Amino acid sequence: MSGQNAADQQAMRFIVHADDCGLTPSISADIFACLAKGPLNSVSVVMGGSDTEASLQALAHMPRTRVCLHLNILEGRCSAPIRQVRPLVDEAGVFRYGLGQMLAALAAGTAARNKALLFAIRTELEAQIDAFAASFGYLHDQRGLHLDGHLHIHCIPALQQTMTELIREHRPSYVRLPNEPAHLAPLPILPLLVGCARRALLARWSAGFVRLLDSMDIAHNQYLCGLVAGGNLTAARVAASLAAMQHRRQPSPLVEIMCHPGGISAHDADSRIRHKGFYQSPARQTEKGMLLDGSLGQVLARYGTVWNFAADTPPPCPDC
């Protein structure tokens, strides 16, 4: 194989993605500012956010932007009728559990309580898929349903049966995997330790989930950049992650760069937002700057090319 052909075989394909569109107007505004300029070409929308409807209406006029459903049972308000998902939400329909609380509830609950909670989760996820399809039907028809999860809840082992049933019923075209190679990102020691632990846990979750997707012939990314850095991405931290992926020598891997450029100010904080500290962090503006100042684009150009989405482009396939 010639040097040029070898380089082509190793070149990565990138989806540059922002989570949490629609959660609040300010989060959406930051994301749309990045979509207007820079490499960002994909977003996932939270159903039940305070800006969901407006965001979906705007995205309907952006055919070169991939739009995914951000499955969510932790942040904001439910999409299903409250009475149908009462084990999952409070009286106002706001999700009652954080991720750790959810895992603890499923691990320590009685059989009857877990059955009720899992039924509520299944009902809520069904409602989110139905609401997304109703709001964004034309894109669903053209590209198929693309899914990811808030804090990667779709890969929780305790929800494997629930997700198996949903995937068999709705046959998504693409599902995101939270799989990032181990590496030492340029981070302070405590965030690095937390990020490495998070990456290791999600790698374990992904191992089981990838078998499910492959058995159903559902496309997915090979790698996800942004787990070790955990919402604190910079161009240098992206470069460290991509270098670890390149070391794996997988031919033309599909890589999602997971960004969170949307932030909120203290006076803009929605009472339904659980992780206010995350969305008020200066890291939100740092990630926004990385997308707008060209630094991320320069890093990506060294490793491959950004996927060019168009209205008639088929979903990317991991084996293509």
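At what angle do helix α7 (residues 160–170) and helix α8 (residues 189–215) pack, and how far apart are their axes? The angle is about 20°, and the axes are 11 Å apart.

## Ground rules

This is a predicted model, so local features need pLDDT of at least 70 and side-chain atom pairs count only at pLDDT 80 or more, while totals for chains, interfaces and linings use all residues. Residues are numbered from 1 along each chain as its sequence is written, and side-chain values use heavy atoms, with hydrogens and water left out.

## The chain overall

The protein chain has 12 helices and eight strands; helices (H or I, at least four residues) and strands (E, at least two) are DSSP runs, numbered from the N terminus. Of its 320 residues, 53% are buried, where buried means under 20% relative accessible area, exposed over 50%, and partly exposed in between (1.4 Å probe, protein chains only).

Take the contacts (heavy atoms within 4.5 Å) between residues at least 6 apart in sequence: 79% of them join residues at least 24 apart.

## Two nonpolar cores

A nonpolar core here is a set of buried Ala, Val, Leu, Ile, Met, Phe, Trp, Tyr and Cys residues joined through side-chain atoms within 4.5 Å. The largest one has 81 residues, and Leu-88, Val-238, Leu-242 and Ile-257 have the most contacts inside it. Helix α5 (residues 111–135) supplies the largest share of this core, seven residues. There's also a second, separate core of five residues, including Ile-15, Tyr-174, Ala-219 and Trp-307.

Back to Leu-242: setting aside residues up to four places away in sequence, Leu-242 touches Met-12, Phe-14, Val-255, Ile-257, Val-299, Leu-300 and Tyr-303.

## Helices α9 and α12

Leu-242 turns up again where α9 meets α12. Helix α9 (residues 235–248) and helix α12 (residues 295–303) cross at roughly 15°, and their axes come within 9 Å. Axes are lines fitted to C-alpha atoms, for helices over the stretch in contact, and angles run from 0 to 180 degrees between N-to-C directions. The pair is therefore roughly parallel (under 35 degrees; over 145 is roughly antiparallel, 65 to 115 roughly perpendicular, and the rest oblique).

The crossing is right-handed, meaning that the near helix is turned clockwise from the far one by less than a right angle, with anticlockwise being left-handed. On the α9 side the contact uses Ala-235, Val-238, Ala-239, Leu-242, Ala-243 and Gln-246, and on the α12 side Ser-295, Leu-296, Val-299, Leu-300, Arg-302 and Tyr-303. These split into nine nonpolar, two polar and one charged (Ala, Val, Leu, Ile, Met, Phe, Trp, Tyr, Cys and Pro count as nonpolar, Asp, Glu, Lys and Arg as charged, and the others, Gly among them, as polar).

With an angle of about 20°, α7 is roughly parallel to α8, and their crossing is right-handed. Gln-160, Met-163, Thr-164 and Ile-167 of α7 meet Gly-208, Phe-209, Leu-212 and Leu-213 of α8. That contact has five nonpolar, three polar and no charged residues.

Helix α4 (residues 99–108) packs on α5 at about 135°, with the axes 9 Å apart, which makes α4 oblique to α5. The crossing is left-handed. Met-102, Ala-105 and Leu-106 of α4 meet Asn-114, Leu-117, Leu-118 and Ile-121 of α5, giving six nonpolar, one polar and no charged residues.

## A buried arginine

Arg-176 sits in the loop between β5 (174–175) and α8, and it is buried, with a relative accessible area of 0%. Beyond its neighbours within four places in sequence, Arg-176 contacts residues including His-17, Asp-19, His-70, Asp-148, His-152, His-154 and Glu-256.
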